[in-house]
Amino acid sequence: GVLCLPDSLNLHKEQQRSNKPGEVQMFSQSELRTIEQSLLATRVGSIAELSDLVSRAMHHLQPLNAKQHGNGTPMHQKQGSLYWEPEALYTLCYFMHCPQMEWENPNVEPSKVTLQTERPFIVLPPLMEWIRVAVAHAGHRRSFSVDSDDVRQAARLLLPGVDCEPRQLKIDDCFCASRKLDAVATEAKFKQDLGFRMLNCGRTDLVKQAISLLGPDGINSMSEQGMTPLMYACVRGDEAMVQMLLDAGADLNAEVVSTAHKYPSVHPETRHWTALTFAVLHGHIPVVQLLLDAGAKVEGSLEHGEENYSETPLQLAAAAGNFELVSLLLERGADPMIGTMYRNGISMTPQGDMNSFSQAAAHGHRNVFRKLLAQPEKEKSDILSLEEILAEGTDLPDSAAAPLCASRNSKAKLKALKEAMYHSAEHGYVDVTIDIRSIGVPWTLHTWLESLRTSFQQHRRPLIQCLLKEFKSIQEEEYTEELITQGLPLMFEILKASKNEVISQQLSVIFTHCYGPYPIPKLVEIKRKQTSRLGKRDLLAFFFLLFVILDPHFLNNKEMSDVTFLVEGRPFYAHRVLLFTASPRFKALLSSKPSSDSTCIEINYVKYPIFQLVMQYLYYGGAESLLIKNNEIMELLSAAKFFQLEALQRHCEIICAKSINTENCVDIYNHAKFLGVTELSSYCEGYFLKNMMVLIENEAFKQLLYDKNGETSGQNVLQDLQRTLATRIQSIHLSSSKGSIV
């Protein structure tokens, strides 16, 4: 579709609605077009260009919001203009800058621009969306300016996969509210703010005075962010203050509220977090130890049996790679199997919820992952039997891998490890993926392909060999369209780039395995047919034609012949009426010569014995009686192709297909490609794929695969093999009638 502004931001319509007789228009039509282009811009070339675009956009949006209050436009509710801090513009420029266009040498005249790297995001949001979301975050903070962190939070929503950290909590964020309150409420608000400030300054001697100012809830009062004083102390890592607040009766397991009515500045991602969660997030190990010793729930706000929509402390520690914190939480009974359900509608997790295994794997923390793996399970009633493991497609691991996970047969853990394997492969941590595989977790096609792609990009030959060896462990039920669209191009690219014999041999095994045990589709004979029609005046000639075909005595017989071919200096007598109806090529040759008894046509490109076989095929009415020698079949195929005799050409192709072997297959293929005989070429490609394990050691075949001259001449064997194998996989594994041969 065409990128366009929503109706609420359409200045053309707004100006038309607001126009009154004699009223001066705010913008000219050219200015309107410029503003619209500014709002729809998705990329910029410099910070100066972005600053100008943002200035134009904000100049347009703020007056529009004043007229259309409450329509969802990205404007702040406060009076006065909202401005962008310089750091916010630089951050936005980072995401909107177009890295494809780079100057080679700006000092050269004329300057050259080249493409350097691709953008990592498929869909780029327009400037209008960046401003709308960033300003909404600024409004959430009750701020008059958009800062760098507002832009980063916008990137988390607009660019799926961006790994920006959550907004760091600031102590003063909850003290800048400017809502209209009566005198009593304002006094209570200022007292509460003062109490929070006294506690946040770190003075333990002010705790009693601060508590008296916080209000009726006392030490457990919540700020506009929905946080208690204990939570703020955990954010700072103030161990002494935490101890003082605990002694004063602070609630260890109080949660950040999820409603925004009473607490409008609650950050969405901190809902249901506890003081322990904040301490773990910021890596304050002594505070975590103190909270756990005081009786804090190790799983945070999670209640047994309920779905979890907030990260547990163990998940945050695993994502951060904090080995000491992970060990501490595991000792206190944290469960690495607990997952968090995604509530974000933009980025979904295909494999389900994120647990601690997935968090550690997705961030590449091998030591943390192994620590989680070594944790004994709480319940062992769902142990898989050997038959169930084999049914799941799990290879039994080597005994050396057993110490990593002594109870790996749990159904729940197996599922969790599959998800972790997906995330590690998706984020390019192939070492973690191999670790998971080494304990018996089965491959999926997607995880295997992503791991192979990462290993190839990182030029890690031993890993490539290890992964290629593992391909046969993937169940054929896993073969999807991804194998054709992603897998085959990747594997053929590896074959093309790597001259390593071991990798080439392993890829040959994979290609032969994918081609399947079924035979190569056979070539079928074509019935001979007359390609030209005779007029009424040629009926006598037609009856003579039938007589000639039935009587081979007329072959190369000067009697009654009306055309002579001169082949290698030797005459060959034939009959015009027979050749005229044989093929368009003979018809063209005869039409170019006058019809007389002395018609003589010289043939320079066919040997006499081959031409004799062609004529014998025509006079005998078929190829059944032809005695073709092995050294003549290629030349006869060329002659049949030249004279456009389709039935004879197919007969020669079938003979070639029946006689093909590892010694002559390359010559047959090259000849077929040279002549443009597609059916025989496809048959040879099927033969290559079915016997590639043997052929890959053949010098002629290797030269055929890696011949650079072939690419310049329009012949790319690897692409042809990839296309043939893709067709084969489609017909065997992906078509509605699986197992059929195309």
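This is a predicted model: local features need pLDDT of at least 70, side-chain atom pairs count only at pLDDT 80 or more; totals for chains, interfaces and linings use all residues.

Visitor: Which residues of helix 30 are buried?
Guide: In helix 30 (residues 665-675), the buried ones include Cys665, Val666, Ile668, Tyr669, Ala672 and Leu675. Buried means under 20% relative accessible area, exposed is over 50%, and partly exposed is in between (1.4 Å probe, protein chains only).

Visitor: And what covers them?
Guide: The cover includes helix 28, helix 29 (646-659) and helix 31 (678-690), along with helix 32 (692-695), helix 33 (699-706) and helix 35 (717-734).

Visitor: Switching to cysteines: how many disulfides are there in the whole structure?
Guide: Zero, going by a search of the whole structure for cysteine sulfur atoms within 2.5 Å of each other. Cys656 is in no disulfide, and its nearest cysteine sulfur, on Cys652, is 6.8 Å away.

Visitor: Is Cys656 buried or exposed?
Guide: Cys656 is buried, at 1% relative accessibility. Cys234 is buried too, at 0%.

Visitor: OK, aromatics. How many pairs?
Guide: The count comes to 17 aromatic pairs. Rings of Phe, Tyr and Trp (its six-membered ring) pair if their centres lie within 6.5 Å; planes under 30 degrees apart are stacked, over 60 edge-to-face, and the rest tilted.

Visitor: Why do Tyr605 and Phe642 count as tilted?
Guide: Their planes are at 55°, so the pair is tilted, with the ring centres 4.4 Å apart. Tyr605 is in the loop between strand 9 (600-603) and helix 27 (608-620), and Phe642 is in helix 28 (residues 633-642), 37 residues apart. Tyr605 is partly exposed at 45% relative accessible area, and Phe642 is partly exposed at 27%.

Visitor: What else is in that aromatic cluster?
Guide: Tyr605 and Phe642 share one cluster with Phe565, Phe572, Phe586, Tyr608, Phe611 and Phe643.

Visitor: Which arginine lies over the face of Phe642?
Guide: Arg585 does, at 4.4 Å from the ring centre. Likewise, Arg570 lies over the face of Tyr608, at 3.8 Å. The rule is NZ of Lys or CZ of Arg within 6 Å of the ring centre and within 35 degrees of the ring normal.

Visitor: What about salt bridges, how many?
Guide: The count is 15, taking a side-chain nitrogen of Lys or Arg within 4 Å of a carboxyl oxygen of Asp or Glu. One of them joins Arg370 and Asp435, with the closest N and O atoms 3.3 Å apart. That pair links helix 16 (residues 366-373) and helix 19 (residues 430-438), and its members are 65 residues apart. Arg370 is partly exposed at 36%, whereas Asp435 is buried at 11%.

Visitor: Which other residue is in the network with Arg370 and Asp435?
Guide: Arg366 is linked with Arg370 and Asp435 there.

Visitor: Last one: what's the mean pLDDT of the chain?
Guide: The mean is 77, and 73% of residues reach 70 or more; pLDDT is the predictor's confidence in each residue, from 0 to 100. Over residues 530-548 pLDDT stays under 50.

Methods
Residues are numbered from 1 along each chain as its sequence is written. Side-chain values use heavy atoms; hydrogens and water are left out. Helices (H or I, at least four residues) and strands (E, at least two) are DSSP runs, numbered from the N terminus. Contact means heavy atoms within 4.5 Å.
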